[in-house]
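Hi everyone, thanks for making time for this. I'd like to walk you through some ring contacts and then the sheets, so let's bring up the model.

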There are 2 protein chains.
Amino acid sequence: MAPIAQPLRIALAQINTTVGDIDGNADAIVGGVRRARAEGAQVAVFPELAVNGYPPEDLLLKTHFLAAGREAVDEIAAEVDDMVALVGFAEHAEDVYNSLAILADGRVQGIYRKMFLPNYGVFDEQRYFQAGESPAVIEVNGTTLGLTICEDIWEPGPPASDEALAGAEVIVNVSASPYHMGKGAERERMLVQRARDNLAYVVFCNLVGGQDELVFDGYSLVIDQDGELVARAAQFQEEFVVCDIDPSTAQRVRLRDTRHRPTARSRQAVATLAAVGAPARHGATEIGGPRAKPLEPGPEVYGALCLGVRDYVDKNGFERVLLGLSGGIDSALTATIAVDALGPERVACAVMPSPYSSEETQEDARRLAENLGIERFELPLEEVMSAYRQALAQAFEGTEPGVAEENVQARIRGNLLMALSNKFGWLVLTTGNKSEYSVGYTTLYGDMAGGFAVLKDVPKTWVYRLAHFRNAVAPGELIPASVLARAPSAELRPDQRDEDSLPPYDMLDEILEEYIEEDQGREQLIRRGLPAEVVDKVIRLVDLAEYKRRQAPPGIKISPKAFGRDRRLPITNKFRG
Amino acid sequence: MAPIAQPLRIALAQINTTVGDIDGNADAIVGGVRRARAEGAQVAVFPELAVNGYPPEDLLLKTHFLAAGREAVDEIAAEVDDMVALVGFAEHAEDVYNSLAILADGRVQGIYRKMFLPNYGVFDEQRYFQAGESPAVIEVNGTTLGLTICEDIWEPGPPASDEALAGAEVIVNVSASPYHMGKGAERERMLVQRARDNLAYVVFCNLVGGQDELVFDGYSLVIDQDGELVARAAQFQEEFVVCDIDPSTAQRVRLRDTRHRPTARSRQAVATLAAVGAPARHGATEIGGPRAKPLEPGPEVYGALCLGVRDYVDKNGFERVLLGLSGGIDSALTATIAVDALGPERVACAVMPSPYSSEETQEDARRLAENLGIERFELPLEEVMSAYRQALAQAFEGTEPGVAEENVQARIRGNLLMALSNKFGWLVLTTGNKSEYSVGYTTLYGDMAGGFAVLKDVPKTWVYRLAHFRNAVAPGELIPASVLARAPSAELRPDQRDEDSLPPYDMLDEILEEYIEEDQGREQLIRRGLPAEVVDKVIRLVDLAEYKRRQAPPGIKISPKAFGRDRRLPITNKFRG
């Protein structure tokens with residue numbers, strides 16, 4: 001039996017950075033470096049663009065932003081001694097690169113540049129970065145580590161395969177991989193495959209935190225060369241995972257495994273960027289690390305929404321949020337998420353009954369506010385509505401009341417919420433869901449008025465699912481049962497129901513998923529057995545509502561394709577289907 | 001003396017396509033083909049992605065959209081006989097390409113694929129397209145034409161240089177090159193240089209028309225091998241330029257010119273895609289074509305704004321537009337542009353005085369409406385304001401009136417305009433300018449409420465300039481002199497003036513241009529001699545207003561960097577300066 005080489009202690013700093021907060025991010029990184037050293041780690045790994053935050057978007061066009069980031073890297077390097085730190089940053093050389101700095105002995109020992117730049121979905125990396133040209137390895141106490149950044153590892157082949165061929169026993173991947181439903185599990189399966197492809201450990205350190213429309217879920221991983229899980233960090237929270245691995249086993253597997261032909265697409269020269277010594281690990285070492293259990297779908301989405309809200313509110317410096325409670329399910333769920341994210345004292349609500357609001361819905365709204373323990377404002381609409389009626393009487397003479405009058409009412413609510421927001425500096429949360437945003441069943445400047453649209457990417461069927469999940473884990477009553485049972489209504493005219501204007505939500509959500517997320521067309525939808533007239537109507541509504549969505553607040557992406565940066569459609573567009 | 005070869009008659013169809021309107025665009029192309037044949041042209045050139053419209057954005061992710069475009073190309077091809085048509089379309093092969101179809105003898109003879117895909121500014125072409133790999137030439141009656149698409153020709157070198165080396169006497173460039181101030185002249189200088197670089201004619205056919213935030217200015221050009229202008233199409237309107245050129249002169253120049261070494265960066269194989277015969281031109285031919293005179297800066301920007309408004313309104317199917325007239329310069333200019341774009345019968349205005357509106361401004365608003373001959377609604381705010389005061393009395397108890405109350409007032413106006421919009425189906429034009437959008441001196445859901453923000457990219461100093469220009473060419477009084485003379489005020493509280501809250505507009509606009517368009521930082525601005533405290537204040541205001549701009553309506557890009565797709569900054573962002 002071959003002698004067992006020294007194990008490697010590796011720290012994964014799953015930190016929550018903030019875009020543009022170079023000082024704050026650098027402090028968090030230095031904190032991670034110190035903790036890694038204190039815990040005896042030889043290597044500390046930080047997420048993609050940890051210094052700048054992700055995604056910095058057009059901040060990357062400011063040369064002084066890049067210079068400030070580079071200065072921070074040098075300052076962090078000065079803190080790194082007796083170990084190696086791998087720190088993501090935006091590098092300004094003869095071009096701009098999405099890079100990973102190898103810090104050791106107080107300075108930058110080498111830089112790896114991301115080779116695959118995603119430019120689809122929410123990603124615009126080719127807008128900013130030049131692609132790196134060389135796979136790279138480093139040696140730490142005789143163990144060879146291959147370096148990759150996020151997208152680099154999603155496809156089989158280089159750079160990881162070239163690095164493995166060049167002797168890497170560990171493939172490190174630093175990421176800022178945004179969340180959508182089920183993404184963590186999908187990513188884990190992919191990384192297991194990469195470990196097996198390359199007969200190497202995979203050490204994956206992901207960003208955690210909310211940034212505008214994106215949530216980064218953490219879920220950092222260590223996987224061994226057989227594809228077995230070694231360590232897994234929790235989702236949606238900062239984690240500091242210290243993990244001992246035995247890379248020599250990877251070497252032994254390779255010697256034994258004659259299949260060892262990593263799928264190199266085109267072999268490239270692999271640069272050895274640094275060879276670093278760190279204090280050896282002595283004594284008994286238990287190979288492995290903590291293994292958080294992945295969340296079930298309901299709590300996973302709920303957790304993403306809470307983190308998205310908390311970080312948007314906190315990183316933008318708001319003390320408190322405000323929302324309108326209608327007694328409907330959407331505002332009830334939004335309020336519940338806000339309270340779970342921020343605590344009841346940081347959430348206020350307004351109940352704004354109109355003559356079309358039923359007693360029951362108003363009562364439910366008040367009961368929910370009590371259940372949640374949040375401050376409640378009562379702002380009746382009737383007088384204001386009547387003043388508008390008067391102001392518009394002449395212009396509207398001879399017309400029948402309709403959508404215009406309904407929207408006036410919704411916009412009064414928007415104006416009242418914004419008045420409280422402007423007066424007290426609170427952030428207004430909007431409560432519309434993805435199904436409504438899709439078909440334009442929302443009032444621009446009315447219920448769409450606010451700074452952050454919590455449920456913007458949550459289909460109505462999922463709103464119910466999340467409300468049921470949250471109620472199930474609550475100790476007492478949370479969202480009143482009558483809210484969950486009542487047929488959805490905008491309550492903008494007497495006896496209004498959503499299903500008077502829209503197909504049933506089950507069918508609507510199926511069409512929307514195919515049309516929006518899967519880019520399926522009319523013919524394909526009809527071939528699935530969906531009724532042609534419903535398909536035509538929904539497609540028409542979705543296309544016509546593009547102008548509203550363009551003015552919608554940002555919301556949290558939880559699906560493979562959210563509105564916002566993720567889906568870029570023209571307003572002026574004559575294509576249908 | 002060498003014998004003079006046959007001249008070539010070429011038609012440049014500077015057409016106004018609509019995104020997604022494949023049938024309509026195909027009709028326009030077929031119309032151009034027929035007209036070209038009727039006028040004896042051997043080659044007809046159409047803009048980039050003429051079949052699909054530009055930019056189709058995420059429509060390109062729908063395979064059925066691509067298939068529909070390809071079908072249209074084949075249908076167009078069936079109409080092409082005895083000549084060659086060069087038609088841009090999105091090609092779906094093993095990947096998706098931004099392509100140029102060579103149509104002759106009733107079918108697609110070959111396809112050139114764009115090699116340089118812009119992915120900066122407003123462009124996202126790497127999101128959709130794979131780059132082509134081969135320069136290409138075609139032969140028409142013995143003349144060799146090199147093919148390029150838009151970005152392909154902006155840098156010296158391939159593909160144009162390779163095509164010239166392969167014998168091209170004419171470099172064709174089909175474009176969808178968006179307008180900003182002075183871009184046409186800049187483009188002409190560049191193309192003159194390319195003609196000289198390659199000792200070849202340059203035939204440049206550009207799109208014209210408005211598409212959401214972009215205006216394409218037309219300004220198609222034919223330039224000879226010495227860099228001399230042969231033909232120039234007008235800006236901001238459809239044009240059909242028929243031009244005779246004598247490509248044999250290019251060949252003669254090359255034989256004579258020993259410097260003929262086009263700046264090939266890396267020589268690539270050039271494909272000859274088609275050799276086509278067309279009826280020869282006989283008889284006396286006057287070499288050259290029409291030469292439109294480029295507009296001066298004032299009328300140029302004004303023309304772009306008119307086209308942008310007209311196409312947004314018409315392509316989105318609105319009969320009429322509506323805007324609030326305050327008596328201030330911004331709404332006055334917006335109304336004037338709308339009338340010039342659409343005619344007075346398609347423009348309505350609302351005058352909405354509050355207790356803080358002065359008699360003079362209201363009078364000016366009414367006078368302007370009369371000068372323009374547009375319908376006017378009078379909607380006084382006082383009663384509605386008082387109803388809001390009452391509704392908010394309890395919540396606001398003990399607070400001083402301030403921004404919250406001012407914004408209520410602005411949002412009442414927004415609600416009234418939207419009520420008219422919803423009732424009658426009119427598009428609301430907003431009137432804020434770029435300086436205001438930059439520093440957030442606008443009310444979200446108030447004066448920002450509307451479907452299209454005409455002056456969104458026009459700095460305040462340019463608002464004055466455009467108003468003066470337009471008044472100067474008007475026969476009688478247009479914008480009252482008192483509107484131009486009055487100090488700017490939002491009139492949301494007594495005796496308010498913009499310059500109480502903001503630096504003087506000359507200084508503000510200078511800072512904004514450097515900070516926004518040039519990505520200069522705090523230190524660089526101060527080094528220019530701008531006062532540090534003003535710089536700090538403006539930068540802070542610009543950064544803080546990002547959340548407002550994210551919910552702003554689209555507006556017309558007239559500067560090198562507009563808000564919208566052109567400038568993508570995070571809302572959550574702790575970087576300052």
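Let's start with the rings. F377(A), F424(A), W426(A) and F396(B) are linked by ring pairs into a cluster. Please keep in mind that this is a predicted model.

How many aromatic pairs are there over all chains? The count comes to 22. One of them is Y312(B) with F452(B), a stacked pair with 4.2 Å from centre to centre and 15° between the planes. Y312(B) sits in helix α7 of chain B, residues 297-315, and F452(B) in strand β20 of chain B, so this pair ties together parts that lie 140 residues apart in sequence. Are these two buried or exposed? Both Y312(B) and F452(B) are buried.

Another stacked pair is F424(B) with W426(B), at 4.9 Å centre to centre and 25° between the planes. Here F424(B) counts as partly exposed, because its relative accessibility is 32%, whereas W426(B) is buried with a relative accessible area of 11%.

While we're on rings, have a look at the arginines. In chain A, the charged end of R113(A) sits over the ring of Y97(A), 3.8 Å from its centre. In chain B, R113(B) places its charged end over the ring of Y97(B), 3.8 Å from the centre.

Now to the sheets, and back to F452(B) by way of its strand. β20 of chain B belongs to an open sheet of 5 strands, ordered β18-β17-β16-β19-β20, with parallel pairing. Which strands are at the edges? They are β18 (375-378) and β20 (452-453) of chain B, each pairing on one side only.

Further in, β16 (residues 321-324) and β17 (residues 347-351) of chain B run parallel and are joined by 4 bridges. You can find L323(B) opposite C349(B) of β17(B). Lying across β16, β17 and β19 (427-430) of chain B is helix α8, residues 329-342, which runs at about 165° to β16(B).

Chain B also has an open sheet of 7 strands with mixed pairing, in the order β13-β12-β9-β8-β7-β6-β15. β13 (229-232) and β15 (271-276) of chain B stand at its edges with a single partner strand each, so one side of each has no neighbour in the sheet. On average, neighbouring strands here are turned by 20° against each other, direction ignored.

Finally, the partner of β15(B): strand β6 of chain B, residues 136-140, runs parallel to β15(B) and is joined to it by 5 bridges. Within that pairing, A136(B) stands opposite A271(B).

Technical notes. Residues numbered from 1 in each chain as written. Chains lettered and ligands numbered in written order. Predicted model: local features only at pLDDT ≥ 70, side-chain atom pairs only at ≥ 80, totals over all residues. Heavy atoms only, no water. Pairing = 2+ DSSP bridges. Helix = DSSP H or I, 4+ residues; strand = E, 2+ residues; numbered from the N terminus. Contact = heavy atoms within 4.5 Å. Axes fitted to C-alpha atoms, helices over the stretch in contact; angles between N-to-C directions. Phe/Tyr/Trp six-rings, centres within 6.5 Å; stacked < 30°, edge-to-face > 60°. Buried < 20%, exposed > 50% of the residue type's maximum accessible area, 1.4 Å probe, protein only. Lys NZ or Arg CZ within 6 Å of the ring centre and 35° of its normal.
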